[in-house]
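Let's take a walk through this model together, one region at a time. Have the sequence and the 3D view open side by side as you read.

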Amino acid sequence: MGDKPKSPSKSPSPPAADSSAEPVSDPLRLQAAEEDAEAGSSDLDSIFGESNSSSTTSINSTILEYRRLHGRTYQNFKDAEYWGPNDDRQNEGLDMAHHMMYVAFNNKLHLAPLENPQKVLDLGTGTGIWAIDFADQHPSAEVIGTDLSPIQPVWVPPNCKFELDNCEDYPWTYPDDTFDYIHIRGLVGCVRDWERLYAECLRCLKPGGWLEQQEFALPIAGNDAPLPDDCVWHDWGAVFREAGRKMGRSFEVTDHWEGWLRGAGFTGTLHTSSVRLPIGGWAADSRWKEVGLFNRLSLEQGLEGFATYICTQVLGWRPDEVTVLLAKVRQAIKNPSYHAYYPLKTVYTQKPLASE
Ligand SMILES: C[S@@+](CC[C@H](N)C(=O)[O-])C[C@H]1O[C@@H](n2cnc3c(N)ncnc32)[C@H](O)[C@@H]1O
């Protein structure tokens with residue numbers, strides 16, 4: 001596998017390789033401003049209708065003026081940066097991925113051994129689907145989901161609420177020893193300083209409370225035989241690795257869990273595990289076949305959104321180069337000779353009791 005992400009087409013030249021770890025300084029904001037200027041204000045107005053704006057009057061209206069890029073919308077929370085779109089198309093993909101993970105974990109929402117949790121935080125909650133399901137399963141718990149985008153439904157269980165928040169704004173407003181459980185899922189490429197974030201989790205957990213995180217890991221690999229050298233899944237992984245380096249927000253979070261959690265002050269046992277999420281319905285076992293089929297659906301739904309900002313704004317590709325990459329990935333997803341999977345890794349650990 002090559003180290004550098006290459007654009008897939010032969011003729012267009014890829015961006016000059018930049019091996020420095022310089023973060024990009026919010027290129028999306030600039031691009032969005034240009035596109036908005038072209039589109040005019042009526043385009044922005046169409047993003048949210050009357051009913052939505054009146055039901056969210058407590059939200060600063062600029063947060064609802066989503067940034068636009070190549071026909072997709074993106075969060076606009078103060079100075080926050082996040083590479084994924086926040087439109088319906090992307091959000092449906094998140095919900096499909098939620099179902100996939102639920103099945104992969106044998107219909108469980110968590111692996112940490114929780115006992116009657118009362119106060120729960122879901123960081124980067126997305127559509128809030130995990131938080132809603134968790135609140136339904138634990139009616140006595142108060143569940144808070146936070147995110148940069150107000151994309152969560154209005155009708156939710158009474159013990160579930162959502163807050164707009166940037167988890168990189170430190171210190172968090174929660175007092176010490178607040179939560180029994182903090183859940184993080186799918187925040188690769190989102191956080192500049194994980195050690196700082198974990199330190200905040202430690203502070204805000206009650207003694208004996210649990211932190212749990214689930215993340216997709218690289219590389220995408222072949223289950224029973226290696227993927228061929230020219231397989232586009234190698235390029236796909238390289239794109240995200242390089243983009244993470246350039247943004248200063250790694251996509252390889254799971255490789256650093258131990259160092260970062262220990263650095264943040266978690267001294268308890270780190271319980272780690274990994275499952276292989278098949279891409280497509282190639283698995284013989286019916287449960288893993290279902291996981292693979294939902295993975296395929298969710299990937300097909302989310303692909304363009306995953307790649308657009310990363311390739312054009314971070315790596316400097318042209319849109320047509322992204323189109324070629326996506327076409328190759330769509331073919332790879334359907335290729336029955338690839339038994340490709342990517343790892344989904346979990347870590348959970350406990351804040352020591354005061355006496356420990
Ligand atoms: C890939 S989605 C995962 C959503 C959800 N955790 C799930 O598993 O379905 C990542 C989410 O993290 C949110 N996010 C990214 N950076 C964030 C930040 N700094 N603070 C809060 N939320 C953030 C995004 O807005 C997006 O909704």
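## A strand in the interior

A residue is called buried here if 20 or more other C-beta atoms lie within 10 Å of its own, and partly exposed if the count falls between that and the exposed limit of 12 or fewer. Keep in mind that this is a predicted model. With that cut-off in hand, look at β4: five of its six residues are buried, so the strand is largely enclosed by the rest of the structure.

What does β4 pair with? Strand β3, residues 119–123, runs parallel to β4 over five bridges, and Asp 122 sits opposite Gly 145 of β4. The chain gets from β3 to β4 by way of α6, in a right-handed β-α-β crossover. β4 also pairs with strand β5 (residues 160–164), again in the parallel sense and over five bridges. Here Asp 147 has Leu 164 in β5 as its bridge partner.

## Around the ligand

Altogether, 22 residues surround the ligand, and the closest are Gly 124, Gly 126, Arg 185, Gly 186 and Cys 190. Sorted by class, the shell holds nine nonpolar, 10 polar and three charged residues.

## The nonpolar core

In soluble globular proteins, nonpolar side chains tend to be buried together. In this model, the largest nonpolar core has 78 residues. Met 100, Ile 182, Cys 201, Trp 233, Ile 310 and Cys 311 are the residues with the most contacts inside that core. Helix α10, residues 286–314, gives the most to this core, contributing 10 residues.

Setting aside neighbours within four places in sequence, Ile 182 is in contact with Leu 121, Leu 123, Cys 201, Leu 205 and Leu 211.

## Arg 296 on helix α10

Now for a residue in helix α10, Arg 296. Is Arg 296 buried or partly exposed? Arg 296 has 19 other C-beta atoms within 10 Å, so this residue is partly exposed; burial would take 20 or more.

Which residues does Arg 296 touch, beyond those up to four places away in sequence? They are Ile 279, Gly 280 and Ile 333. As for Pro 278, which is 18 residues from Arg 296 along the chain, the C-alpha atoms of the two are separated by 8.5 Å.

How values were computed. Residues are numbered from 1 along each chain as its sequence is written. This is a predicted model: local features need pLDDT of at least 70, side-chain atom pairs count only at pLDDT 80 or more; totals for chains, interfaces and linings use all residues. A residue is near a molecule or strand if its C-beta atom, placed from the backbone, lies within 6 Å of it. Ala, Val, Leu, Ile, Met, Phe, Trp, Tyr, Cys and Pro count as nonpolar, Asp, Glu, Lys and Arg as charged, and the others, Gly among them, as polar. A nonpolar core is a set of buried Ala, Val, Leu, Ile, Met, Phe, Trp, Tyr and Cys residues joined through C-beta atoms within 7 Å. Helices (H or I, at least four residues) and strands (E, at least two) are DSSP runs, numbered from the N terminus. Two residues are in contact if their C-beta atoms, placed from the backbone, lie within 7 Å. Two strands pair if DSSP finds at least two bridges between them. A crossover is right-handed if, with the strands pointing away from the viewer, the path from the first strand over the helix to the second runs clockwise.
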